[in-house]
Amino acid sequence: MKLTHILASAAMALGLATAAVAQDKTKVGFIYVGPVGDGGWTYEHDQARKAVVEHFGDKVETVYQESVPEGADAERAISQMALQGADLIFTTSFGFMDATVDVAKKFPDVKFEHATGYKTAENLSVYSARFYEGRAIQGHIAGKMTESNTVGYIASFPIPEVIRGINSAFIHARKANPDVEFKIIWAYTWFDPAKEADAAKVLIEQGADVILQHTDSTAPLAAAEKAGNVIGFGQASDMAEYKPSPRVSSIIDDWAPYYIDRVQAVMDGTWETKDTWDGIGPGMVGIGEITDAVPEDVKEEALAMKEAIASGEYHPFTGPLNKQDGTPWLAEGEVADDETLLGMDFYVEGLSSEIPD
Amino acid sequence: MLKLEKRPQPSRVFAYLTPVLAVIATMFAGGLLFAALGKNPVEAIRTIFWDPLFGDFAAYYRPQLLVKGGPLILIAIGLSLGFRAGIWNIGAEGQYIVGALCGAAVALAFYPLEAWYIFPLMVLAGALGGLVWGMIPALLKVKFGTNEILVSLMLVYVAENLLAAMALGRMKNPEGRGFPGSRNLKEYPSAFNDEVFVGTGMHWGVLTAFLAVIFAYVLLSRHMLGFSIRLSGEAPRAARFSGVNPARIVLFCLGISGLMAGLAGMFEVSGPSGQISIDFNVGYGFTAIIVAFLGRLHPVGILLAGLLMALTYIGGEIAQGNLGLPSAAIQLFQGMLLFFLLAVDMLTNYRISLVKREAT
C-alpha cells in the first residue's frame with residue numbers, strides 16, 4: 001500500500017512540476033529566528049502571517065523559513081526567497097539586519113521589512129513596537145501587587161530595547177509603590193526554557209513575588225505557578241494557559257495590522273520606505289486580559305493608563321526623571337525623545353544594580 | 001534464518017559502499033517521513049538533492065555549497081586525525097568561536113587602517129586562538145589524565161559566554177546604537193575574507209579546507225607521524241611498543257584540530273558571517289563530527305561528506321521555503337544520515353548469511 005502511495009505521489013509530483021505558477025499572486029516571505037511553535041516571539045509573527053493569508057485569501061501566497069541562524073545562513077535564506085519570486089520579505093529578528101541590507105542591495109525590485117533594526121534603504125523599511133508602553137502598565141500592576149516589595153525581572157541581553165523595558169516598568173512600579181525594589185537577572189538568551197526557569201527560581205528564592213520577563217518562553221510562569229503566591233505576565237504572546245494566576249496580564253505583539261497594511265501597499269504599488277515604531281495606540285502592542293487575580297481598583301488604574309498611553313495623552317517616560325547616577329534627565333513634564341529611547345544605555349534613578357558590559 | 005557472521009577481515013567493498021547505502025536509506029526513510037507530514041516525498045527529496053545543483057537557481061546555490069561546506073570540511077579534517085588516534089575532540093565549536101574572536105580582535109584593533117598585512121595576521125591569530133583552546137584539554141589530559149571529551153565539550157560553553165561578553169562589551173560596534181555585535185568586517189576591505197575567484201563562493205577558508213584535505217592525505221599515507229596516529233588508534237599497545245609517545249600524539253591531535261577549527265571560525269567571521277555577534281556560532285563544530293564519520297575519517301571521504309552535508313542544508317532550506325517543511329523535519333533527516341551510516345556500517349565487519357534451522 002505504501003508503494004502505491006509513493007507511486008501516486010510521484011505521479012502527482014510530475015503533475016505539479018508542470019503546473020504553471022500563478023503570477024498574479026503577491027508572494028510574501030517571512031524569515032523567523034525561532035521555531036513557529038515557540039509560544040512567544042516567532043509564534044506571534046507567524047500568527048500575523050496567518051492573518052495576512054486570511055485577510056487576502058487567494059491574492060497572496062506566503063512562505064516562511066523558521067529557526068534561521070544569523071549570518072551567512074540568514075543571507076542565503078533571504079536570497080532564496082527573493083530568487084523564488086517573493087515580492088515582500090519580512091525578516092523578523094534584529095540579528096538579520098546586515099544580511100537583510102546585503103540582500104536588499106542585490107534585489108532592488110523586492111521590498112524588504114526588517115524588525116527591530118535601524119538600517120533602511122530604498123527598498124528596506126524597519127519596524128518595531130513600543131513594548132515599553134506595555135511595560136509601564138506591567139510595572140504599575142507589579143508595584144501594586146507585590147507584598148514583599150521585591151519584583152524579579154528576567155532580562156535577556158543588555159540592549160536598549162531591554163533596558164528601556166526595565167526602566168519603564170521600574171518607573172511605574174515606584175510610582176505605585178515607593179518601597180519597591182527590582183532584582184534583575186540577565187539570562188543572555190531570548191528563548192531557553194531551562195535557563196529562564198532557573199532565573200525565575202532564583203528570583204523567587206530572593207523574595208520576589210512578581211516576576212517580569214523579557215524572554216519568550218512560558219517557563220518563568222510555570223516556575224511562578226509551582227512556587228505559589230507569585231504572579232507574572234505573558235511575554236510577546238498572551239500565554240493564556242496560565243490564567244488567571246500566575247499570569248495576570250500580558251504584553252502581546254500584534255504584527256497583523258502592520259503586515260496587512262504593508263502587503264496591501266505592495267499590491268497597490270504604494271509601498272515606500274518607512275521607519276515604524278508603533279505602540280498601544282495603533283494596536284501593535286496589545287495588553288492581554290487583566291485577570292481577577294488583580295484587585296478591581298488596580299485593574300481600573302491599569303486600564304486607565306492604557307487608555308491614556310493609547311490616546312497619546314500620557315508618555316511613559318515623562319519627567320521629572322533622573323538617571324541612575326542622579327544627573328537630571330527629563331525636567332518636569334518633559335517627554336523623552338525617540339532618539340534617546342532607541343539608544344537607551346542607562347538606568348533611571350532608583351534601580352540599584354548595574355547594567356552589565 | 002538470517003544470521004550475522006563476523007568477517008575474517010573488514011570488507012573493503014562495504015567500507016566504500018556503506019556511505020552510499022546510508023544516503024539511499026536516508027532518502028527512503030526521509031521520504032516516508034515527508035509523506036507522513038503530508039508532503040510529496042519525491043518532490044521533497046528532489047528539492048533537497050537536485051535543486052541546489054541543477055534547479056532553476058543553481059547558479060546561486062552552487063557557490064553556497066562551498067560556503068557552507070568549507071568550514072565543515074576544514075573542521076572535520078582536523079577532528080578526523082584525532083578520531084583516528086582515539087582522541088575525541090568534541091569541542092571544535094568552542095575552538096571555532098575562539099579562533100573567530102582572535103581573528104576579529106586583530107581586525108578591530110587595526111580598524112580603520114588599510115594594509116595588506118592585516119588579513120594574514122588575522123589568519124595567524126585565528127589559528128593560534130583555536131590551537132590554544134584545543135591545547136587546554138590536551139595539556140589537562142597529558143598532565144592530569146582528565147577526559148578530553150568532557151573538557152573539550154565544557155570549553156564550548158565557556159567559549160560561548162566569552163563570545164557573548166565580547167559581542168556585548170569589548171568588541172561591540174561603537175556606531176551600533178548600543179546593540180550587541182561588532183563592526184561588519186565585510187565593510188572593512190583589509191579584513192574582508194573575499195572570494196578568491198569571483199562568483200564561485202570560494203573564499204580563502206574554502207581554499208584552506210582543500211589544502212587541509214591534501215595535507216591530511218599526505219600526512220596519513222606518507223608520513224611517520226600519520227602512521228603513528230593510525231597505529232595509536234588501531235593498536236595502542238603496539239604503538240607503545242614501537243616507541244610512539246602517546247602524550248605527543250594527544251598534543252598534536254588536539255592541537256591541530258583546534259587550529260583548524262580556529263581557522264574555520266576566523267574565515268567565517270571575516271567572510272560569510274562578517275561580524276562577531278552573540279549567536280555567531282551555528283553548530284559547525286558539532287556537525288563536523290558527523291561529517292568526519294560520514295567521510296570514514298578519510299580526507300577524501302570528508303571532502304565528499306562535507307559537500308553532501310552542505311547539500312542537505314541548502315536543499316533542506318529550499319524545501320522549507322518552497323514546500324513548507326518544518327525545520328525540525330530537515331534536522332531529523334540529517335540525523336537519519338548518521339543513524340543509517342552507523343547501522344549499515346555493521347556490514348563492513350559482519351556479513352549476513354542464510355542458515356538453515358537445525359532440527360532439534
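The structure is a predicted model. For chain A, the mean pLDDT is 90, and 93% of the residues reach 70 or more. Within this chain, confidence is lowest in helix H1 (residues 2–18), where the mean is 45, and highest in strand E3 (residues 88–91), at 97. Over residues 6–22 of chain A the pLDDT falls below 50, and this stretch has 11 contacts in the model beyond near neighbours in sequence.

Chain A contains an open sheet of six strands in the order E2-E1-E3-E4-E5-E11, with parallel pairing. Strand E2 (60–65) and strand E11 (275–278) form the edges, each pairing on one side only. From one strand to the next, the twist averages 15°. Helix H2 (residues 41–56) of chain A packs on this sheet and touches E1 and E2 of chain A; the direction of the helix makes about 165° with that of E2(A). Strand E1 (residues 26–31) of chain A pairs with E3(A) in the parallel sense over four bridges. A:Gly29 has A:Ile89, in E3(A), as its bridge partner.

Strand E5 (residues 124–129) of chain A includes A:Ser128. With 19 other C-beta atoms within 10 Å, A:Ser128 is partly exposed, because a buried residue requires 20 or more. Not counting residues up to four places away in sequence, A:Ser128 touches A:Ala115, A:Thr116 and A:Trp277. A:Ala115 lies 13 residues from A:Ser128 in sequence, and the C-alpha atoms of the two are 5.6 Å apart.

In chain B, helix H12 (residues 284–294) has nine of its 11 residues buried, so this helix is largely enclosed by the rest of the structure. The buried residues are B:Tyr284, B:Gly285, B:Thr287, B:Ala288, B:Ile289, B:Val291, B:Ala292, B:Phe293 and B:Leu294. These residues of H12(B) pack against helices H1 (12–36), H4 (58–84), H5 (92–110), H11 (246–270), H13 (299–323) and H14 (327–349) of chain B. Just after H12(B), B:Arg296 adopts a positive phi of about 60°.

H13(B) also packs with helix H8 (residues 204–222) of chain B; the two axes come within 8 Å and cross at roughly 155°. H8(B) is therefore roughly antiparallel to H13(B), the angle being over 145 degrees. On the H8(B) side, B:Val213, B:Ala216 and B:Tyr217 meet B:Pro299, B:Val300, B:Ile302 and B:Leu303 of H13(B). By class, the residues of this contact of H8(B) with H13(B) comprise seven nonpolar, no polar and no charged.

The contact between the chains takes 33 residues from chain B and 37 residues from chain A. On the side of chain B that touches chain A, two or more residues come from each of helix H2 (41–49), H4, helix H7 (148–168) and H13 of chain B. H13(B) provides the largest share of this side, five residues. The side of chain B that touches chain A has 16 nonpolar, 13 polar and four charged residues.

Methods
Residues are numbered from 1 along each chain as its sequence is written. Chains are lettered from A and ligands numbered from 1 in the order in which they are written. This is a predicted model: local features need pLDDT of at least 70, side-chain atom pairs count only at pLDDT 80 or more; totals for chains, interfaces and linings use all residues. A residue is buried if 20 or more other C-beta atoms lie within 10 Å of its own, exposed if 12 or fewer, and partly exposed in between; C-beta atoms are placed from the backbone. Two residues are in contact if their C-beta atoms, placed from the backbone, lie within 7 Å. Ala, Val, Leu, Ile, Met, Phe, Trp, Tyr, Cys and Pro count as nonpolar, Asp, Glu, Lys and Arg as charged, and the others, Gly among them, as polar. pLDDT is the predictor's confidence in each residue, from 0 to 100. Two strands pair if DSSP finds at least two bridges between them. Axes are lines fitted to C-alpha atoms, for helices over the stretch in contact, and angles run from 0 to 180 degrees between N-to-C directions. Angles under 35 degrees count as roughly parallel, over 145 as roughly antiparallel, 65 to 115 as roughly perpendicular and the rest as oblique.
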